[in-house]
Amino acid sequence: LLPLGVQAGEDALQLLTERNFFVLPLHHPDMDLDVLPPNVRARVDPKGKEYNERDIGKLPLVAWEGYQKAFPKVGEVETWWKKKGWEFANIAIVCGELSGIFVVDADNEDALKYMESLGVVPGLTLTVKTGRGYQFYFLWPGFLVGNSLGQILPGLDIKGEGGYVVAPPSRHRTGVDYALVDGVDEPQPAPEELLELIRQSARRK
């Protein structure tokens with residue numbers, strides 16, 4: 001991914017053109033409410049009827065459903081981050097077959113210990129330090145990986161087709177910046193035990 005301190009729009013373009021990752025602009029905790037789309041403002045404004053603290057820094061600023069089967073063009077990405085007040089928008093990486101990845105988000109100690117039991121520790125695959133834990137990026141396995149929140153283990157979320165993760169150098173609502181962990185900087189194949197658990201979880205739905 002990318003180091004801290006680079007303008008967000010340039011980061012997003014690098015992720016799209018060099019990593020071939022599907023990117024979208026997200027709300028940033030320090031954004032002026034006046035520059036936000038009404039649906040986003042309603043959920044991040046403490047005075048809004050739909051306010052949810054957990055949405056801060058994580059909501060897409062554009063309607064992205066139409067992009068789930070096709071990458072945004074370079075010009076579109078440039079335009080998003082050049083909009084007034086969006087220059088430092090957080091960055092989303094859309095997971096799934098198009099980007100060639102799925103991501104395991106481990107948000108607590110038990111989830112991290114479980115990943116360690118599978119032989120996965122920060123830095124052995126592309127890993128990002130988040131506001132509360134770590135994101136482990138894995139290569140797309142060749143079968144459909146959906147999205148699940150704590151179904152395998154509380155605090156262990158799977159982001160697959162139709163899901164997205166917040167990427168460096170975005171800012172978490174706590175003020176912590178997402179950061180790349182030293183080590184392997186490319187997604188690696190996921191452990192077979194994890195893939196089997198994902199298959200089992202999908203069958204139970």
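**Reading the fold and its sheet**

Read along the sequence, this predicted protein chain follows the pattern α-β-α-α-β-β-α-β-β-β-β-β-β-α.

Me: What should I know about the model and its numbering?

Reply: The model is predicted: local features need pLDDT of at least 70, side-chain atom pairs count only at pLDDT 80 or more, and totals for chains, interfaces and linings use all residues. Residues are numbered from 1 along each chain as its sequence is written, and side-chain values use heavy atoms, with hydrogens and water left out.

Me: How many helices and strands does the protein chain have?

Reply: Both are DSSP runs, numbered from the N terminus: helices are H or I with at least four residues, strands are E with at least two. The protein chain has five helices and nine strands.

Me: In which order do the six strands of the open sheet lie?

Reply: Strands of a sheet pair through backbone hydrogen bonds, either parallel or antiparallel. Two strands count as paired if DSSP finds at least two bridges between them. Here the order is S6-S7-S3-S5-S4-S9, with antiparallel pairing. Strand S6 (148-153) and strand S9 (179-180) are the edge strands, and each pairs on one side only.

Me: How many bridges join S6 to strand S7?

Reply: Three bridges join S6 to S7 (residues 156-159), and the two run antiparallel. Leu153 has Leu156 in S7 as its bridge partner.

Me: How much of the protein chain is buried?

Reply: Buried means under 20% relative accessible area, exposed over 50%, and partly exposed in between (1.4 Å probe, protein chains only). Of the 205 residues, 47% count as buried.
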